[in-house]
Amino acid sequence: MSRIVYVNGEYLPEEEARISIFDRGFIFGDGIYEVSAVLGGKLVDCDAHLARLERSCGEIRLDLPWSRAELIAIHEELIKRNAIDEGGIYLQVSRGAADRDFAFPKDVAPTLVMFSQARNLSEAPAAKTGIKVVSCPDLRWARRDIKSVNLLGPVLAKQFAAESGAQEAWLVEDGVVTEGASSTAWIVKGKTLISRPLSNKVLPGITRKAVLAFLAETGFTFEERTFTLDEALDAEEAFITSANSFVMPVVSIDGHTIHNGAPGPTAIRLREIYIDFARKGGVLG
């Protein structure tokens, strides 16, 4: 059965969806995207994703003509029309279609595309076994805090991971881990969670923010700092967070076993808390 997708005000079967070949998202990667998880047929922390969308668009001077309420309504309609119980809604907005020229076009309406993806999130098999990570150089641009559709760097990193028998790549720059190709990277030492500070070098993860909100009930503290790959190899546990993986244990980095090759108790507990949070509506107070 064909999915129903959204393109510039219309709900269409995916086979009928079209955008212009002159769309700047296609020609220049001049656009922003977000992915909101769906659990139990309900959006998880979507308002936070849309706030990040607004920030990213503001950073590239792309004006959004839609309110958050309007965007949430489209998300919910796609969930309904596609009967999505678990998965995600992908949103992409570009500066619009105009003849190819680097400078911003004038009087052009932005392009909005959205679609659903059904996916097993709460009972993902990888959560029971943990995932493998490989490291590679961070080749991306300098504004990684903007959730740009320019994803060639992460695509190459993910392909390297796949060819290495791993599920994620941790990107390394100036001797320290920046983040995963599509996730936030964490290590655990004692009762302390460690992840690098937010800056232009990393995406401000929505799931990262949620995990930090849970610290009081876990008894863990948070140390916001950079860490090296060698430090990660010596950590008691490691895990990643993202909208698609929630909290996912890491059991191997560059072939080096982490936590005896099995998911650690910290990652398991944080995942349980996050899924409970998501099932209750997934909105931080």
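Start by selecting residues 237-242, strand β13: six of its six residues are buried. Buried here means under 20% relative accessible area, with exposed over 50% and partly exposed in between (1.4 Å probe, protein chains only). Strands are DSSP runs of E, at least two residues, numbered from the N terminus.

Before going on, a note on what you're looking at: this is a predicted model, where local features need pLDDT of at least 70, side-chain atom pairs count only at pLDDT 80 or more, and totals for chains, interfaces and linings use all residues. Residues are numbered from 1 along each chain as its sequence is written, and side-chain values use heavy atoms, leaving out hydrogens and water.

Now show side chains. In a regular strand they alternate between the two faces of the sheet. On β13, E237, F239 and T241 sit on one side, with A238, I240 and S242 on the other, and both faces are covered.

Next, the neighbours. Look for I187 opposite A238.

Last stop: β5, residues 86-94, where eight of nine residues are buried. β3 (residues 31-39) pairs antiparallel with β5 over nine bridges, with E34 partnering L91. Eight bridges join β5 to antiparallel β6, residues 111-118; find Q92 and its partner V113.

How values were computed. Helices (H or I, at least four residues) and strands (E, at least two) are DSSP runs, numbered from the N terminus. Two strands pair if DSSP finds at least two bridges between them.
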